[in-house]
Amino acid sequence: MLEDNLARWNQLYDRLHGHLSAMDGVIIPPRKQEEFYVGSSIQFRADAVAASAVPDFVAACAKRGVELKWFGDAEPKAFTSRYDSWRYIDDIPVLPTTLRVLEKTLDMRVPLTFTIDDCDVIAEIIAEEIRPFLTN
């Protein structure tokens with residue numbers, strides 16, 4: 001079933017990717033064409049949202065059933081963390097560009113229980129919740 005699951009994950013991922021990459025205020029870095037991937041999660045930058053407002057954006061999406069994880073949080077949550085929270089590494093350098101990228105980077109799991117219609121609804125919720133930040 002691995003091949004079927006992989007194809008399904010990528011179908012769902014590609015649907016979300018299409019919506020998110022066309023959305024104002026959202027950035028998804030381009031993938032190298034030769035890269036092979038399994039779309040079990042999707043990462044994107046909420047560029048329209050001020051770093052200080054990202055927790056509010058995440059909470060607004062969660063209130064509507066869309067669970068996003070934030071890479072910019074100082075403390076790790078679930079599988080999202082900044083490199084400077086890896087306490088097992090001594091003498092962690094300060095990487096300002098990396099921190100600037102992570103401060104608006106979000107992750108969303110893409111479970112196989114999603115349908116294409118679910119992906120459309122999720123993308124619309126994200127679009128509706130990011131819209132107020134586009135005018136600020």
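I started with the sheet: three strands make an open sheet in the order E1-E3-E2, with antiparallel pairing. Strands here are DSSP runs of E, at least two residues, and helices are runs of H or I, at least four, numbered from the N terminus. Two strands count as paired if DSSP finds at least two bridges between them.

This is a predicted model, where local features need pLDDT of at least 70, side-chain atom pairs count only at pLDDT 80 or more, and totals for chains, interfaces and linings use all residues. Residues are numbered from 1 along each chain as its sequence is written, and side-chain values use heavy atoms, without hydrogens and water.

E1 runs antiparallel to E3 (residues 105-109) over five bridges. Ser 41 sits opposite Arg 109, and Phe 44 opposite Leu 106.

Then I looked at E1's cover. Four of its five residues are buried, meaning under 20% relative accessible area with a 1.4 Å probe, protein chains only.

Of its 31 residues, Phe 57, Leu 68, Leu 106 and Ile 126 touch the most other members. H1, E1, H2 (54-63), E3 and H4 (116-134) each give two or more residues. H4 gives the most, eight.

Last, I listed contacts (heavy atoms within 4.5 Å) for Phe 57. Leaving out residues up to four places away in sequence, its partners include Leu 68, Leu 106, Ile 126 and Phe 133.

Notes
Core = buried A, V, L, I, M, F, W, Y, C linked by side-chain atoms within 4.5 Å. Buried < 20%, exposed > 50% of the residue type's maximum accessible area, 1.4 Å probe, protein only.
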